[in-house]
Amino acid sequence: MNFIILFFTLLFSSFILAQEGDETAPRNSELLKVIGDMKDKLSAMETQILELKNKERTTVVFTAAVGGGDVAFGPFKTETTLIYKTVKTNIGNAYNPSTGIFTAPVSGVYYFTIFYHAGGESRVHLNVYKNNEHILLTSDHPSDSDTADNGGNAAFLQLQSRDQVYVRMGNNSHVWGHDSHTTFSGFLVTQM
């Protein structure tokens with residue numbers, strides 16, 4: 001696009017400057033100013049088009065499961081960041097399966113969900129954090145008569161680029177470490 005603008009600018013400038021006579025000098029400078037203004041407007045429009053294309057292309061979607069087979073994950077004596085190792089989808093690569101942390105690549109509104117499956121003999125306590133701020137939790141108490149528990153929670157969060165969202169499992173808590181039961185998911189709803 002810049003090449004086309006430059007080409008036409010040079011073509012018109014050469015044509016105008018090739019004309020002879022003193023009476024054309026004021027008109028030549030006016031035409032050069034108009035061409036310069038048009039070039040600036042086209043450049044601004046090109047920038048806006050590129051920004052819109054980049055905005056359109058930003059897709060962020062992930063789903064990951066705790067994994068590890070059909071075994072309990074936990075309980076641990078201290079609160080632990082839950083690492084969802086089995087990645088089902090990670091478009092945009094914003095979720096890190098080594099740390100369990102989602103890092104927002106762009107500012108916007110995101111939607112997150114957590115779901116768990118666990119045996120009923122121990123408590124379940126999962127917390128979602130944005131940076132170091134507690135956002136929500138899902139939990140269940142132990143029961144002698146209940147053999148399994150399922151639960152979850154969800155939230156829309158306004159994030160800035162580089163904000164982090166992660167799940168921490170409370171102390172003396174557990175979940176079932178399977179490739180499809182205990183999951184953490186999120187996606188970009190809209191950029192800001």
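**Note on the predicted model**

1. Of the 192 residues of the protein chain, 34% count as buried, where buried means under 20% relative accessible area, exposed over 50% and partly exposed in between (1.4 Å probe, protein chains only). The model is predicted, so local features need pLDDT of at least 70 and side-chain atom pairs count only at pLDDT 80 or more, while totals for chains, interfaces and linings use all residues. Residues are numbered from 1 along each chain as its sequence is written, and side-chain values use heavy atoms, with hydrogens and water left out.

2. The protein chain has two helices and 13 strands; these are DSSP runs numbered from the N terminus, helices being H or I of at least four residues and strands E of at least two. Its accessible surface comes to about 11,400 Å², of which 56% belongs to carbon and sulfur atoms (Shrake-Rupley method, 1.4 Å probe; for residues, only the protein chains shown count as cover). Among contacts between residues at least 6 apart in sequence, 74% join residues at least 24 apart, a contact being heavy atoms within 4.5 Å.

3. Five strands form an open sheet in the order S4-S1-S13-S7-S10, with antiparallel pairing; two strands pair if DSSP finds at least two bridges between them. Strand S4 (86–91) and strand S10 (148–159) are the edges, each pairing on one side only. From one strand to the next the twist averages 10°, with axes as lines fitted to C-alpha atoms (for helices over the stretch in contact) and angles from 0 to 180 degrees between N-to-C directions.

4. Strand S7 (residues 108–119) and strand S13 (residues 183–191) run antiparallel and are joined by eight bridges. Val109 stands opposite Thr190 in S13.

5. Thr183 lies in strand S13 and counts as buried because its relative accessibility is 14%. Apart from neighbours within four places in sequence, Thr183 is in contact with Ala64, Ala65, Tyr84, Thr113, Ile114 and Phe115.

6. Val189 is also placed in strand S13, but at 42% relative accessibility Val189 counts as partly exposed. Together with Phe156 and Phe187, Val189 makes a nonpolar surface patch of about 300 Å². Patches are made of residues with over 30% relative accessible area and no salt bridge, like charges being joined within 9 Å and nonpolar side chains (Val, Leu, Ile, Met, Phe, Trp, Tyr) within 5 Å.

7. A search of the whole structure finds one salt bridge, meaning a side-chain nitrogen of Lys or Arg within 4 Å of a carboxyl oxygen of Asp or Glu. The side chains are those of Glu79 and Arg168, at 3.2 Å, N to O. Glu79 sits in the loop between strand S2 (71–73) and strand S3 (80–81), and Arg168 in strand S11 (residues 164–169), 89 residues apart. Glu79 counts as partly exposed, at 30% relative accessibility.
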